[in-house]
Amino acid sequence: MSCRGKDSAGEEVIKPYTPTTLDSDLGCFELVIKMYPQGRMSHHFREMREGDYLAVKGPKGRFKYQPNQVRAFGMIAGGTGITPMFQVTRAILENPNDKTNIHLIYANVTYEDILLKEEIDNLATTFPNRFKVYYVLNQPPEGWEGGIGFISKEMIQSHCPPPAADVQILRCGPPPMNKAMASNLNDLGYAAQMQFQF
């Protein structure tokens, strides 16, 4: 969905967001919004009050998911790039006829930056044989047991399904991360048709 608002200078700003709700969630949609101190759209959301209207356009997107279209998804997300992954994960796991397995690698700077952690962990607990999550932090707290630093080829090899015709890797994150992940996936043998970038 594209959302339209005004930044702190009164200039119009339009920014895309991926709803975390599904098509079956009738009558509403939910967005996960990360507020940045200097964010132009963040300013608009900060100024909004309950009952205000928001101009939105959509839905839109190039990714059309069909149940059981692949045996397994590898998902590589950074920061707010988790939202399309969460939406696809919900669509798969909440459909009793869908047998797709999901392997998510989710990277953030700090533990506090992890969005939707409780919801993701609940899905991992509810579907332990079909949904695996591996968190990676750039600045981990003491005693952290997940990944440290940036997502590496070794992490992808350990936590994503290996290249195969019935496997697809989805990725979404900041542009430098997307570029690095595309390079890592190519080096690991994931063909272009096995990859999709939101």
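Domain 1 and domain 2 of this predicted model bury about 900 Å² between them, with 63% of that area on carbon and sulfur atoms. Buried area here is the accessible area (1.4 Å probe) that two parts lose on being put together, summed over both. The size of an interface is often given in this way, as the accessible area lost when the parts come together.

Because the model is predicted, local features need pLDDT of at least 70 and side-chain atom pairs count only at pLDDT 80 or more, while totals for chains, interfaces and linings use all residues. Residues are numbered from 1 along each chain as its sequence is written, and side-chain values use heavy atoms, with hydrogens and water left out.

## The two domains

Domain 1 covers residues 2-57 and domain 2 covers residues 72-197; such bounds come from an automatic or database domain assignment. The C-alpha centres of the two domains are 25 Å apart. Nine residues of domain 1 are in contact with eleven residues of domain 2, where contact means heavy atoms within 4.5 Å.

One salt bridge crosses the interface of domain 1 and domain 2. A salt bridge is a side-chain nitrogen of Lys or Arg within 4 Å of a carboxyl oxygen of Asp or Glu. The side chains of Asp113 and Lys34 meet in a salt bridge, at 3.6 Å from N to O. Between domain 1 and domain 2 there is also a count of one residue pair in polar contact, both residues being at pLDDT 80 or more. On the side of domain 1 that touches domain 2, the residues divide into four nonpolar, three polar and two charged. In this grouping Ala, Val, Leu, Ile, Met, Phe, Trp, Tyr, Cys and Pro count as nonpolar, Asp, Glu, Lys and Arg as charged, and the others, Gly among them, as polar. A polar contact is a pair of N or O atoms within 3.5 Å; within protein, one must be able to donate a hydrogen and the other to accept it, and residues adjacent in sequence count only if both atoms are side-chain atoms.

## Salt bridges

Side chains of opposite charge can pair when their charged atoms come close. The whole structure holds seven salt bridges, and the table gives some of them.

| Pair | Closest N to O distance |
|---|---|
| Arg4 and Glu12 | 3.9 Å |
| Asp187 and Lys153 | 2.9 Å |

Arg40 lies in helix 1 and Asp7 in the loop between strand 1 and strand 2, so this pair ties together parts that are 33 residues apart in sequence. Helices (H or I, at least four residues) and strands (E, at least two) are DSSP runs, numbered from the N terminus. Arg40 is partly exposed, with a relative accessible area of 42%, whereas Asp7 is buried, at 10%. Buried means under 20% relative accessible area, exposed over 50%, and partly exposed in between (1.4 Å probe, protein chains only).

In the Arg4 and Glu12 pair, Arg4 is partly exposed at 42%, and Glu12 is partly exposed at 47%.

Asp187 in helix 5 (residues 175-187) and Lys153 in helix 4 (residues 153-159) link distant parts of the chain, 34 residues apart. Lys153 is partly exposed, with a relative accessible area of 31%.

Met41, Ser42, His43, His44 and Phe45 are buried in helix 1. Strand 1 (2-6) and strand 2 (12-16) are included in what covers the buried residues of helix 1. Asp52 lies in the loop between helix 1 (40-47) and strand 3 (55-57), and is partly exposed at 42% relative accessibility. A polar atom of the Asp52 side chain lies 2.8 Å from the backbone nitrogen of Arg49.

His159 is found in helix 4 and is partly exposed at 27% relative accessibility. Leaving aside neighbours within four places in sequence, His159 is in contact with His103, Ile105 and Tyr134. Asn178 is found in helix 5 and is buried, with a relative accessible area of 7%. Not counting residues up to four places away in sequence, Asn178 touches Arg171, Cys172, Gly173 and Gln197.

## Positive phi values

Most residues other than glycine have a negative phi. Asn68, in the loop between strand 3 and strand 4 (72-78), has a positive phi of about 60 degrees although it is not a glycine. Leu116, in the loop between strand 5 (101-108) and helix 3 (117-126), has a positive phi near 60 degrees. Asn68 is partly exposed at 39%, whereas Leu116 counts as buried at 14%.
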